[in-house]
Every structure is written in structure tokens, then in C-alpha cells.
Amino acid sequence: MHTPVGFTPLHVTPSALSETTLAFAFAGAKLLIRGDETSPVVPSLGDVVREMPAGVRHYLGQLQGADCFAIGLPDEAVAPPAFHFTGLRALFLKLPEATLALAARAFQVVEWDRTNRFCGRCGTLTRDKPGERAKQCPACGYVAYPRISPAMMVLVTRDREVLLARANRFPNAMYSALAGFVEPGETIEDCIHREVREEVGIDVTDLQYFASQSWAFPHSLMIAYTARYARGELRPDPTEIADVRWFGVDALPALPTTVSISRRLIDSTVARLRAQSPAGPVAPSC
Ligand SMILES: [Zn+2]
């Protein structure tokens with residue numbers, strides 16, 4: 001997920017709202033939609049305010065001229081007739097990409113708002129800080145910004161093979177690139193070397209940046225790289241990794257869905273490896 005084309009992020013609600021306003025209203029992690037999951041529509045601000053007046057509003061900015069709001073509803077809110085609450089993952093490929101990206105952005109703002117109602121340092125009720133997306137404690141001055149957790153993803157290659165792992169948390173037979181959260185004091189590159197060593201026991205070299213993706217579950221920024229195998233034997237950490245293997249580019253296992261950065265990383269790298277050394281006829285053995 002990323003900032004959609006045509007979106008201008010803003011913090012201050014304009015004095016006059018656009019004719020079309022979009023309201024990304026969440027109860028817990030579920031988004032309020034009009035209709036059902038097969039043909040979802042993001043409701044207007046008017047719809048939400050009329051049906052569910054108890055929400056906390058946050059102005060997000062304008063998408064192609066339409067004002068956009070994130071709204072935090074009470075966790076126990078019940079959808080009115082003709083509306084439904086649904087998880088964001090169920091809306092992949094059913095909402096336009098720009099709308100989905102804004103829904104993910106809205107979720108992170110709502111989640112930040114409801115987890116920072118009190119100062120993390122002294123426990124006083126916080127207030128919105130004018131002019132920026134921040135909450136400030138009136139007693140001690142502590143400022144809380146929306147939390148974003150950087151994480152790395154790396155696809156390790158060895159000749160015409162890629163290293164893919166099945167994490168314990170993955171469903172069924174899916175394999176993906178290695179990933180892990182950055183720790184205090186680390187660069188992304190430090191994190192890649194440490195995580196690869198911890199999770200599968202090998203050393204890598206030649207790190208190359210690929211792309212990054214915002215991921216709203218709940219607030220990570222995934223930063224993806226490729227790397228080449230340097231040395232070591234595969235020794236998977238059983239607390240995290242159910243299985244790890246080198247897969248030839250022509251014999252890949254079940255992979256993540258195409259909306260994920262992991263799939264884009266794998267597809268792009270596999271295409272590059274295939275182009276670099278096309279599979280030729282097998283050399284005769286004497
Ligand atoms: Zn405080």
C-alpha cells in the first residue's frame with residue numbers, strides 16, 4: 001500500500017467540504033461499507049454521521065477533490081441496515097486500489113487515536129496537537145505521533161535458486177521471503193544480516209533495495225531487498241520457521257497473493273534470474 005495518485009494529505013478540516021466526502025469508519029479493525037463484500041462502497045460522511053453519530057473524526061485530506069475522513073466508532077458499534085462491517089483483507093481486489101490504500105491509512109490513524117488517549121509517560125488525558133497529526137500531554141508535554149514500525153523483507157538468491165521459507169504463522173503450504181522487524185539501533189541492512197542469520201543460519205551479501213510498502217496490520221512499513229547467498233548451511237530456527245529451502249526458479253511452491261510486496265519481490269527476482277541464465281538443455285553426463 002502507498003499514497004494513491006491524486007491524494008493530498010492534510011490535517012485540518014476545511015471550512016467547506018466537497019460535495020463528495022468519503023468516510024472510512026472503523027469499529028475495531030472492521031471498516032463500515034455500504035452494500036456487502038461482493039460490491040462494497042465506502043459511505044459518505046453524511047451517511048456515517050446520520051447513522052452512527054458517536055464516532056471520532058479525523059480529516060485525512062483530499063482524493064481527487066473529494067474530502068476524506070477517518071472515523072473511529074465504538075468497538076461494539078452495530079452496522080445499520082444496508083451497511084456491513086468487514087475486514088480490510090476481504091476488500092482486496094474489490095475496492096479500487098486508491099480507496100483501499102486510504103482505508104488502510106485511515107485504519108492506522110484511528111488505531112493511533114484510540115491507543116494514545118492517555119499519555120504514555122504520566123497517564124494524563126492527551127489532546128490533539130494543533131497543526132500536525134500528533135497528540136500532546138497537557139501535563140508533561142510528551143508528544144505521541146502515529147506509530148510506524150519498519151520491517152525488512154529479503155529474498156536471498158543463489159545462482160538460479162531463491163530462498164523461501166514457510167513461517168509457523170503462515171497458512172497451509174505457502175512459502176515467502178524472509179522478514180523481520182527492525183530493532184533499536186539497527187539500520188535496515190543490519191536487520192537483514194541479523195534476521196537471516198537468526199532465522200536460517202546463513203550469511204548474505206550484495207544487498208539491493210527493491211521497494212517499500214505500507215502495511216496496516218497494524219502499522220508496519222515493509223522495506224524489501226534482494227541479497228545473494230554468501231556462506232553457511234541452512235539451520236532454520238524452529239520457533240519461527242517451519243521449513244526453508246532453495247527453490248529453482250522453474251519449480252516454485254505456493255506463493256503469497258499478488259497484492260503483497262513479497263509476491264512482487266519474488267516475481268521480479270525470478271524474472272531477472274530467468275533472463276540472466278535461461279534454462280538450457282541439460283548437459284550430457286559422461
Ligand atoms: Zn504526560
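Contact here means heavy atoms within 4.5 Å. Keep that in mind for these exercises on a predicted model.

**Exercise 1. Get an overview of the chain: what share of contacts between residues at least 6 apart in sequence join residues at least 24 apart, and how many helices and strands are there?**

Start with the inventory: the chain has four helices and 15 strands. Next, the extent: along its principal axes, the C-alpha trace spans about 80 × 45 × 30 Å. Now the contacts. Taking those between residues at least 6 apart in sequence, 65% join residues at least 24 apart. Finish with burial and surface. Of the 286 residues, 44% are buried, and the chain exposes about 15000 Å², with carbon and sulfur atoms supplying 54% of that.

**Exercise 2. Work out the strand order of the open six-stranded sheet, and say which strands sit at its edges.**

Walk across the sheet and you read β1-β4-β5-β2-β3-β6, with mixed pairing. The edges are β1 (7-9) and β6 (83-87), each of which pairs on one side only.

Now take some of the pairs one by one.

- β4 and β5 run antiparallel and are joined by seven bridges; Tyr-59 stands opposite Phe-69 of β5.
- β2 and β3 are antiparallel too, with two bridges between them; here Phe-26 faces Leu-31 in β3.
- β3 and β6 are also antiparallel and share five bridges; Ile-33 has His-84 in β6 as its bridge partner.

One more stop, at the turn: the hairpin of β2 and β3 has two residues between the strands, and Gly-28 there takes a positive phi near 60°.

**Exercise 3. Track down the largest nonpolar core: how many residues does it have, and which element gives the largest share?**

First the general idea: in soluble globular proteins, nonpolar side chains tend to be buried together. In this model, the largest nonpolar core has 28 residues. Those with the most contacts inside it are Phe-24, Phe-26, Leu-31, Leu-60 and Leu-88. Then sort by element: two or more residues each come from β2 (21-27), β3 (30-34), β4 (56-63), β5 (66-73) and α2 (97-114). The largest share, ten residues, is from α2.

Zoom in on Leu-31 to see what surrounds it. Skip its neighbours within four places in sequence, and its contacts are Phe-24, Ala-25, Phe-26, His-84, Phe-85, Thr-86, Leu-88, Leu-91 and Ala-103. Phe-26, which stands opposite Leu-31 in the strand pairing, is one of them.

**Exercise 4. Describe the three-stranded sheet: what is its order, and which residue in β9 is the bridge partner of Lys-135?**

The order is β7-β8-β9, an open sheet with antiparallel pairing. β7 (127-128) and β9 (143-144) are the edge strands, each pairing on one side only. Look next at β8 (residues 135-136): two bridges join it to β9. The partner you want is Ala-144, sitting across from Lys-135 in that pairing.

**Exercise 5. Check helix α3 (residues 188-200): what span should its 13 residues have, and what covers its buried residues?**

At 1.5 Å a residue, those 13 residues should span 18 Å, and the end C-alpha atoms are 18 Å apart, so the two agree. Now list the buried residues: Ile-188, Cys-191, Ile-192, Arg-194, Glu-195, Val-196, Glu-199 and Val-200. The cover over them includes β10 (149-158), β11 (161-167), β12 (178-181), β13 (203-215), β14 (220-231) and β15 (241-248).

Terms used: Residues are numbered from 1 along each chain as its sequence is written. This is a predicted model: local features need pLDDT of at least 70, side-chain atom pairs count only at pLDDT 80 or more; totals for chains, interfaces and linings use all residues. Side-chain values use heavy atoms; hydrogens and water are left out. A nonpolar core is a set of buried Ala, Val, Leu, Ile, Met, Phe, Trp, Tyr and Cys residues joined through side-chain atoms within 4.5 Å. Buried means under 20% relative accessible area, exposed over 50%, partly exposed in between (1.4 Å probe, protein chains only). Two strands pair if DSSP finds at least two bridges between them. The expected span of a helix is 1.5 Å times one less than its number of residues. Accessible areas come from the Shrake-Rupley method with a 1.4 Å probe; for residues, only the protein chains shown count as cover.
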